[in-house]
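Reader: I am new to this structure. Please show me how to read it, one feature at a time.

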Amino acid sequence: MEIMKSAWQSPSNIAIVKYWGKKGFQIPANPSISFTLDQIFTQTELYIKRKKSTQTIDLTFFFDDKPKPEFIPKITQFLSAISNDFPWLNLYHLEIHSKNNFPYGTGIASSASAMSALALCIIEIDNKLSNKILSEHDFMRKSSFYSRIGSGSACRSIYRGFSEWGYHSEINGSSDEYAIPLTNIHPDFMHIMDSVLLIENTEKSVSSSKGHDMLNEHWYASRRFEQGKAHTLTLLHSLQENNIHSFGQIAEQEALTLHAMMLTSPHGYFLIHPNTLTVLNEIRTFRAKSNLPVFFTMDAGANVHVLYFEKDKHNVQLFIENQLLRYCAENSCIHSGLGKGPQRL
Ligand code: PMV
């Protein structure tokens, strides 16, 4: 029986300007900018095997070499959503093996790395089945487009370094349907680092779908979307002109706004742990005392991402070890640099 395989490693990314809220099916309410992380990634293998019945998506899923049926509904939803464009998804049995190099269930967003790795496998197999040869540029763009259907933030994991997603009239080539790589970034920013402090090692209590939905009925949503749009352009200029102060100011304001939007939503989602606030204060105190460019950002959870530059790595990591690890679950922290982008395995 004909079996075909594709395997990809794809990184997670951290948004500096956040995507939070949608204006249609997987269309962002405002543009966002992120960078990929070289030490946080998913590796996925997709095997396809011809099957008899051709009705629906049929898949088995293994996570860390063990069957994980609880992940199947989300993956099936993604595959069904794209199956009109890839009719072969219904003709084959799909076997997916996936693993993360970071602990699962610690609130580190795994959907960006997982969905982008799977989308890359699908596009590669589609090319093989249809004997298509896409240029590197078209392959990446197509992978970004379909990653977005699986998880919005996943479309930004396709490129090394910084990428932007969401149409902005002042940003050439920007689109709501895929991310674009930001190539003319100041070289200093190519040495940025992110140490992820695992404040809580439990699953996020609010899924990102619920978080996005909450913006639909939020008093402050429209102003937030304007802010996200304005921040995207200012951040792009800061990255190009090496304006570290502006970068840090936007990073922190975006993180706090993300949580402020949740706190002030009708549900009053409360994702910050007391230790999160302590760590944010410690980072600001350290910055004031040391004069080093050290900033924070956060995802939709209790974890804190410490942002700094490679040249200050020794001092900042010493500070993390001495002052911050005590606030982390099991003293856990992952130090990461700027990601190289996905790799074929
Ligand atoms: O990709 P989603 O639907 O899981 O949304 C992720 C949203 C944030 O991680 C909170 C922000 C972002 O832009 O990545």
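Reader: Where is Thr-264 found?

Author: Helices are DSSP runs of H or I with at least four residues, strands are runs of E with at least two, and both are numbered from the N terminus. Thr-264 is in the loop between α6 (244–263) and α7 (274–290). This is a predicted model: local features need pLDDT of at least 70, side-chain atom pairs count only at pLDDT 80 or more, and totals for chains, interfaces and linings use all residues. Residues are numbered from 1 along each chain as its sequence is written, and side-chain values use heavy atoms, with hydrogens and water left out.

Reader: Is Thr-264 buried, exposed or partly exposed?

Author: Buried means under 20% relative accessible area, exposed means over 50%, and partly exposed is in between (1.4 Å probe, protein chains only). Thr-264 has 40% relative accessibility, so Thr-264 counts as partly exposed.

Reader: Which residues does Thr-264 touch, not counting residues up to four places away in sequence?

Author: Contact means heavy atoms within 4.5 Å. With those sequence neighbours left out, Thr-264 touches His-218 and Tyr-220. Next come polar contacts: pairs of N or O atoms within 3.5 Å. Within protein, one atom must be able to donate a hydrogen and the other to accept it, and residues adjacent in sequence count only if both atoms are side-chain atoms. The side chains of Thr-264 and His-218 make such a contact at 3.1 Å. The Thr-264 side chain also reaches the backbone oxygen of Ala-260, at 2.6 Å.

Reader: Now a helix. Which residues of α1 are buried?

Author: An α-helix has 3.6 residues a turn, so residues three or four places apart point the same way. In α1 (residues 72–82), the buried residues are Ile-75, Phe-78, Leu-79 and Ile-82. They sit on the same side of α1 because they cover an arc of only 95° around the axis. That arc is taken from the directions from the helix axis to the C-beta atoms. Pro-73 and Gln-77, on the other side of α1, are exposed.

Reader: Where is Thr-44, and what does its side chain contact?

Author: Thr-44 belongs to strand β2 (residues 32–50). Its relative accessible area is 2%, so Thr-44 is buried. Its side chain makes a polar contact with the side chain of Ser-98, at 3.0 Å. Thr-44 also touches other residues, among them Trp-8, Ile-96 and Cys-121.

Reader: Last, the ligand. Which residues surround the ligand?

Author: A residue is near a molecule if one of its heavy atoms lies within 4 Å of it. Residues around the ligand include Lys-18, Trp-20, Arg-156 and Asp-299. By class, the shell has three nonpolar, six polar and three charged residues. Polar side-chain atoms lie at 2.6 Å from a ligand oxygen for Ser-153 and at 2.7 Å for Ser-208. For His-212, a side-chain N or O atom is 3.0 Å from an oxygen atom of the ligand. The protein covers 92% of the 380 Å² of accessible area that the ligand has on its own.

Key: Areas by Shrake-Rupley, 256 points an atom, 1.4 Å probe, with all protein chains shown as cover. Nonpolar A, V, L, I, M, F, W, Y, C, P; charged D, E, K, R; others polar.
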